[in-house]
Amino acid sequence: MARHRHLRRKRRHIAGTPPGTLVADPQAPAPSIRMIGYGPAEIREWETCTVAQVQAERDKWTVLWVDISGLGDATLIGEIGGIFALHGLALEDVLNVHQRPKTEIFDDHVFIVLRSLLPGPGLDTEQVSLFVGERFVLTFQERANDRLEHIRVRIRQAQGRVRRLGPDYLAYRCIDTFVDAYFPVLEAYGEMLEELEDDVVAKPDPGHVKRLHGVKRDLLLLRRVIWPTREMLNALIRDETPHIAHQTRIFLRDVYDHAVHLMDFVETYREVASGLLDVYLSSLSTRMNEIMKVLTMIATLFIPLSFLTGLWGMNFDQGSPWNQPELRLHFGYPLALGLMACVAATLIWFFRRKGWIGGKDRD
Amino acid sequence: MARHRHLRRKRRHIAGTPPGTLVADPQAPAPSIRMIGYGPAEIREWETCTVAQVQAERDKWTVLWVDISGLGDATLIGEIGGIFALHGLALEDVLNVHQRPKTEIFDDHVFIVLRSLLPGPGLDTEQVSLFVGERFVLTFQERANDRLEHIRVRIRQAQGRVRRLGPDYLAYRCIDTFVDAYFPVLEAYGEMLEELEDDVVAKPDPGHVKRLHGVKRDLLLLRRVIWPTREMLNALIRDETPHIAHQTRIFLRDVYDHAVHLMDFVETYREVASGLLDVYLSSLSTRMNEIMKVLTMIATLFIPLSFLTGLWGMNFDQGSPWNQPELRLHFGYPLALGLMACVAATLIWFFRRKGWIGGKDRD
Amino acid sequence: MARHRHLRRKRRHIAGTPPGTLVADPQAPAPSIRMIGYGPAEIREWETCTVAQVQAERDKWTVLWVDISGLGDATLIGEIGGIFALHGLALEDVLNVHQRPKTEIFDDHVFIVLRSLLPGPGLDTEQVSLFVGERFVLTFQERANDRLEHIRVRIRQAQGRVRRLGPDYLAYRCIDTFVDAYFPVLEAYGEMLEELEDDVVAKPDPGHVKRLHGVKRDLLLLRRVIWPTREMLNALIRDETPHIAHQTRIFLRDVYDHAVHLMDFVETYREVASGLLDVYLSSLSTRMNEIMKVLTMIATLFIPLSFLTGLWGMNFDQGSPWNQPELRLHFGYPLALGLMACVAATLIWFFRRKGWIGGKDRD
Amino acid sequence: MARHRHLRRKRRHIAGTPPGTLVADPQAPAPSIRMIGYGPAEIREWETCTVAQVQAERDKWTVLWVDISGLGDATLIGEIGGIFALHGLALEDVLNVHQRPKTEIFDDHVFIVLRSLLPGPGLDTEQVSLFVGERFVLTFQERANDRLEHIRVRIRQAQGRVRRLGPDYLAYRCIDTFVDAYFPVLEAYGEMLEELEDDVVAKPDPGHVKRLHGVKRDLLLLRRVIWPTREMLNALIRDETPHIAHQTRIFLRDVYDHAVHLMDFVETYREVASGLLDVYLSSLSTRMNEIMKVLTMIATLFIPLSFLTGLWGMNFDQGSPWNQPELRLHFGYPLALGLMACVAATLIWFFRRKGWIGGKDRD
Amino acid sequence: MARHRHLRRKRRHIAGTPPGTLVADPQAPAPSIRMIGYGPAEIREWETCTVAQVQAERDKWTVLWVDISGLGDATLIGEIGGIFALHGLALEDVLNVHQRPKTEIFDDHVFIVLRSLLPGPGLDTEQVSLFVGERFVLTFQERANDRLEHIRVRIRQAQGRVRRLGPDYLAYRCIDTFVDAYFPVLEAYGEMLEELEDDVVAKPDPGHVKRLHGVKRDLLLLRRVIWPTREMLNALIRDETPHIAHQTRIFLRDVYDHAVHLMDFVETYREVASGLLDVYLSSLSTRMNEIMKVLTMIATLFIPLSFLTGLWGMNFDQGSPWNQPELRLHFGYPLALGLMACVAATLIWFFRRKGWIGGKDRD
């Protein structure tokens, strides 16, 4: 199952490797670099470019956005790191794609790690690393995709604030895109829980427990991503770094509110799922109770009657007047039937008094 | 069911839309504007007014209260925002009516989001947005209603503090109105729990579990509204903004106490509901125990006796003296009955010793 | 039941009433005022006095203690509030007797709300409101009673610190009296739990669950009072108000320790009660297990034997040599009995191997 | 049971007694005073001494250690308090021996309350009160004992730091002694839990639940002592009092680590105990399941067969060719047996398919 | 079992021993000392060396790394402590190898305690103690091993930062090595849980509970090590000590992130394990339900039919026309069979209506 990958997210870091050593995952795709340089007035875009071009454009633009997709080449990523003077540990974290979301403030830049949900049924996430410096934004993604395309469109169209404001605003737009992508997923879980709720209340079924367990487990995994995302945003808003302008902090507070809202969903859904398990178990107990009641009623009613039929089915020698004289009575059989009816009536009266018959407490 | 809407509260925000873009919900009713301008001495009221009128009255009054009901027109709301220089993100939150309660302090105004309970059986809430500036209060509500009418009455009658004090006091009166409206709802849950408590203790029934689950779920939803309301009030009291006077903070502390009281109710009720589920389950187990005891007693009593009747109902050839000689005894039948009575008496003695008969531990 | 009143403690505050409006509960008893003025050297006492007398004695004494019992007269209480310049919201809280314990620091006085346990079986509490100002202490109680009499006795006898120290020390003595009154109640719950513990371990009974639920619920209610009492005391010790002398804070720390101790009791008892519920349920399961074992043993032993008796009770035509030849054997019956004994012995051996017979794992 | 005393630890404080009143427990033993005065160079020891001697030696030594065992004489303890200018509330706490561990910093001295475990099967504790002043240490114990003898030995032998350092170091040594005494007790619970773990996993038994409940309860009581001990040590390290030297704080941090370690044990053991209860209950359910399976198999196998024997045991008039013609068949009986064998085989096949037979999921 | 040692980790500290007394465990291996002195330019290594050599090289190198394996000689360790002026309490903790991970900041050095996982099936850990001073690093390990060999290799090869930076960086490399060694262990638990998850969902088995209990218990033990490791790293980053350079703190923040990641794994796994226990128990209940349903159906179907066969197997005197006239009917037997078929059909219809037959809610 897809979700298995989440529980034991293997770290490729080999114990003993010195820190800051860049080792690319051999299975990772080769990097391709997209670059946009822009300012309020001018803009230039490179669909694919080389490290040399990046080096050349460095410091020429108000904002230089270098978007690297694919992490399969440690040397190239090291070179990019050299151009922008990125910290070695941060670069190592870019390649080691199993980081928790976090913010790290360095003197020259801010390093942000995010997890972006992949489309598909599993809850697979991809690591997105952002560097925000004085005049640049670097984004590292594991695979090429068009999730940030809508921002590029706005930059090209010179619409809105993005052209007027600095790299921190661009970074905010990227973070906002990745965080908001969690909403439809959580809404899908909300819908699933509502359906389960209707089903469990209407007709509990063992399949529900497995689905509930699956939902709880997935929510656990989502919490493991959303919680540190919230912390990451909080650190970004709170920390005193010159790379995030006061104005941008107001926008980041808005993303922070979204992350809080997401956590809210996750926690509420987890509690609803736990509550549903209780409903399932108690309705199972209730049904067991009812089944037992039926069995007990039938058994308790017929066992004494069967004893009586057995009694009069015995073959004692009819020669002795002491042996089963009732069998020789003229009205023996009707009397026997009457006695059985009396026993049955008594037992039914007893069941009624116990509240086992009468519909009131059946479901 | 009405309450389903709560679990997955859809956000209409389309990923990729730049922040601060105002998009109205096409199904939202068209806005209507009510306005009151007042000071200690004078007052003027407009039942419905235009954006131009709002613009004209701006800064003419000690307090200008603009109350907009209906959020169906993004342009109009944008124009109002322009008149009072409201922040773009705040205006976006006004239209996107699925915010959690929060306070945001801007330089020129304070932005407050509240959730107001709608009348009716479900726990539907509506978003109320408040802006408090130097000389104005703006209230945005989703639908026209008369919940704030009692404040207008007091303003007209020039009674109490509301005419003497500034916009912050007016905002406090609005917040107080919405927060206090949660009390009767929580009291209704309190009553429901008390009835359930009496019922569950007296006669547990599977319907109780569903009702308990419903109550727990509703309390979860209420907590999701009340908890951030408390935080919102706390931020309002604590934050150093010139728009909230020291004197008003004392009043807000009172609303804060109410919110704490509400949370207190919610948490206590949740614990009582959980406790009742335990009582239900344990009483189910107890009844199962008793049912099983009855079944076991009857079965254990009659199964050996039935075996005996079966034994003497066998058709072994009576020609051989070794075959069932007891059937040919003169007192065979009375002896057999006596033996059965002995077996039954022994078993009943055994049940008594086990404590299964004797009333002591029946419920 | 008495305790029902606690779960939904109705607030009489009508939404829409402007804050600070004094409305007395029509069922509250009429107020009676007792007053003591004292200093290190002189003392004067008024058993019942009028508002005018209170006005006259204001500021004449080192400590003026006005003790109002009964809150049925909003005008009178408003007048008293006027004499001592009490804050309107605080006065409203005095009349609205469903406040949580709290401390509010105003410029001129400290306002303290406490809850005092009423004697009787239920956990009914009454609100006690204290105002501590520079030269006065006001105590408002819902009903006349002699709980503070012992302090008056000490004042009259000029014993101890109370005559030498200021109004804050007198307030401390009052708070201490009300907090310490919770100890015997909690000790009673401790005793109840110990008895329940012995009972549940010795002989679990369905009545125990109801009693445990009752104890847990009562402890929940006590926690709802004691927790904010602790917070109230903490605020009193911590807040920088000139109305509480440093020396008195040491005494208040002692009351705070008592409140911590009370919370400690409540939490421990709640955990013990939860543990007892587990013991109850597991002993129920154990007994069910044993009952099922007996039923299964008896049924499993006799059902195959009964099948054999049924087999040889069939009426196949004895004319054919193939039909039930065993019935015609000379030693058929003894052989049949022997076979049954073998079956029974085998089954008993099987039960022993399973560990169902042998006493070891019976309780 | 010994442990009962813990749950409801009676406070002797009579409500209404003014604070600081010294009332000795009439059952407490009479105090005996031991005193050692020492400095780096000189030492003098008094095995039993009078209050007058204590008064006389006050201020003559670098460290004067007065060790009072037995709290039965309020006057004597009041006099000692007078000599060292102890705070009245602290002295009251010395006599009222049901305090939680705590530190109180007064201007002239530090007051420390500890609880010392008594030897024996119950978890009875005794209160130890310490006062640390500029040149003295006072220790108050409920009963005479030799727990601090090893410190006296070191003082006499002039070994180690104790003779060189001040009263704070002596106090540290006392505290260390009492805290370390909890380790063997917790290790005993660890051993008990390990044994229980082996037993519960191997062969669950109802007695285990009672033992687990006992262990959980005892750990609850231990936590109630150890948690405030940790807090007490934390306060002692953190608070800015001149009576604890910086150097001694390093030693106290070591005791604090021990207390943290103890809490760690308590919490781990509590979780292990809860886990064992789950194991017990699930193994009970598993056994119930197995018992039910055996019963169901036997009953389901033989009930249909018995029905057939009953069928052919009926006494319909054999004169009619329609009445039970099978009984008159030449091979009726073998055919009947064959039919029964088929039914039994079908049922056994059904059980196998259900997975009820086959050993795999038996325990 | 190996893991038993963890629950009750015996402390060897004898109560009464004065603090700072060095007592070696008599079973600990004799110490062997390895030493490397290095600076950016020069390096010298001693495979085994004496205390005198350590003394001689003190202060000659930029970094002097003394690695002591084996703690069996208290004198030797005391001498080393003397050379580097280590604090007595810290040295005592080095020998008393049951410390929790912690950081202690002394004036002259930083003392760090870590726990290193031993290879093998149990979760045995060994204590590693580090001292970081101005020009030295001391590492104390319980047994000789090659876990730090890879660092020595880098020092010899003069690669990376280790030769250029100070003792704090070396200490960071050691800590990083020990912390990262927990990852493979946790991944193994992740794999185990995934397997268990598949198994429990597919086919619950009593053995699963024991394995789940084992996993939860082991995770509890891991948490007991990892949690204080996290705290230790936090203290190291936060504390203002000159012995840890600002640059190294960035690296330590990376290790701290790893420790947070480890805690994350532990907590997620614990919740998954708890969830699986719920799945197990609910599937047990479901199976019990199904078993009971089968039993009840069979019993309820055949018990009334058997009663009828018993009825017509009675031996009432056929002479009387009132006695069992149905037995004498020409079509008595077919009619009886028909009646039985009707009863059976009715019962089956009843079961269907109850939802007990029809496959839908079987698993």
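Reader: At what angle do helix α9 and helix α10 of chain C pack, and how far apart are their axes?

Author: Axes are lines fitted to C-alpha atoms, for helices over the stretch in contact, and angles run from 0 to 180 degrees between N-to-C directions. In this predicted model, local features need pLDDT of at least 70, side-chain atom pairs count only at pLDDT 80 or more, and totals for chains, interfaces and linings use all residues. Residues are numbered from 1 along each chain as its sequence is written, with chains lettered from A and ligands numbered from 1 in the order in which they are written. Helices are DSSP runs (H or I, at least four residues), numbered from the N terminus. Here α9 (residues 246-311) and α10 (residues 332-354) of chain C pack at about 155°, with axes 10 Å apart. Angles over 145 degrees count as roughly antiparallel, and α9(C) and α10(C) are therefore roughly antiparallel to each other.

Reader: Which residues of α9(C) and α10(C) meet?

Author: Two residues are in contact if their C-beta atoms, placed from the backbone, lie within 7 Å. Among them, Met297(C), Leu301(C) and Leu308(C) in α9(C) meet residues of α10(C) that include Leu339(C), Val343(C) and Phe351(C).

Reader: How many residues does each chain give to the contact of chain E with chain A?

Author: Chain E gives 55 residues and chain A gives 50. On the side of chain E, the largest share, 30 residues, comes from α9(E). That side comprises 19 nonpolar, 21 polar and 15 charged residues.

Terms used. Helices (H or I, at least four residues) and strands (E, at least two) are DSSP runs, numbered from the N terminus. Ala, Val, Leu, Ile, Met, Phe, Trp, Tyr, Cys and Pro count as nonpolar, Asp, Glu, Lys and Arg as charged, and the others, Gly among them, as polar. Angles under 35 degrees count as roughly parallel, over 145 as roughly antiparallel, 65 to 115 as roughly perpendicular and the rest as oblique.
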